[in-house]
Amino acid sequence: MKSMNPLESMQKAMDDFLTSGSLKAVLQRGNNIFSFSTKVLAACAFMCFLSTTFITNQVSPIIGTSKAYVVRGQGSGLTGDRDYYDNKENDQGFINFDLKADLAPLFNWNVKALYLYLTAEYITETNTLNEMVLWDKIILNGEKMELDLKAAKTKYYFRNDGKGLLNHNNITLILNWNVQPNMGDLKWVRSKSTHSFEFPGEYYSMKKRKN
């Protein structure tokens, strides 16, 4: 009896496997396993979401201002940076703020990170509500969860759209945060504790700063 070439034997075995029901059975079993695993993962993810979605912990930060002044649109004289909006038509505020808070209650096993940002809200004659971000910070789970800033400077410009900051007596600072979970929806929360301050009635003089 004539022996079959090894390559021909492999080819014949492959053809028999593809034409038989074995391949179909393997694919069917693999599809069932994948489908079941997907459902289990989805159920676990949903349980993770439910375990923390109704938790709404609050913190009560202590916010203060140690210095506040207004420049007549020439903020570049203090920061060293000049841009398109740096003109005499815009009031630009500068503040040094204090911020103390214990953020531990905002963290749990399903929180990956916390995005903090300090906003200033006020009303002017031209706008019913002005809101701008002055400072922000990202805190990862496992990092230091206590804030203790003293006489900190803002990270971003406090620049009004036109006049309106001079002699303004009700600027409100609010600490906001965005909870970023491992699984679930993003929550945007603002602190119930706020701080209000006022700007002086005269523009800050560069000559005073140099003396």
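Predicted model: local features only at pLDDT ≥ 70, side-chain atom pairs only at ≥ 80, totals over all residues.
I began with strand 7 (residues 171-181) and found that this strand is mostly covered, since 10 of its 11 residues are buried.

Next I looked up the partners of strand 7. On one side of my list is strand 3 (residues 111-122), which pairs with strand 7 in the antiparallel sense over 10 bridges, and here I found valine 111 standing opposite proline 181 of strand 7. I then turned to strand 8 (residues 187-197), which also pairs with strand 7 in the antiparallel sense, over eight bridges, and in which phenylalanine 197 is the bridge partner of isoleucine 171. Strand 7 and strand 8 form a hairpin with five residues between them, and in the turn I noted glycine 184, whose phi is positive at about 135 degrees.

I went on to the aromatic rings. A pair of aromatic rings is described by the distance of the centres and the angle of the planes. With centres required to lie within 6.5 Å, I recorded a count of eight aromatic pairs. For tyrosine 69 and phenylalanine 94 the ring centres are 5.6 Å apart and the planes are at 15 degrees, so I wrote this pair down as stacked. Because tyrosine 69 lies in strand 1 (residues 62-71) and phenylalanine 94 in strand 2 (residues 92-102), the pair ties together parts that are 25 residues apart in sequence. I checked the covering of both residues, and tyrosine 69 and phenylalanine 94 are each buried.

Phe197, already noted in strand 8, came up again, as Tyr122, Phe158, Phe197 and Phe199 form one aromatic cluster.

My last entry concerns a charge: the charged end of arginine 159 sits over the ring of tyrosine 157, at 4.3 Å from the ring centre.

Note on methods: Residues numbered from 1 in each chain as written. Heavy atoms only, no water. Phe/Tyr/Trp six-rings, centres within 6.5 Å; stacked < 30°, edge-to-face > 60°. Helix = DSSP H or I, 4+ residues; strand = E, 2+ residues; numbered from the N terminus. Buried < 20%, exposed > 50% of the residue type's maximum accessible area, 1.4 Å probe, protein only. Lys NZ or Arg CZ within 6 Å of the ring centre and 35° of its normal. Pairing = 2+ DSSP bridges.
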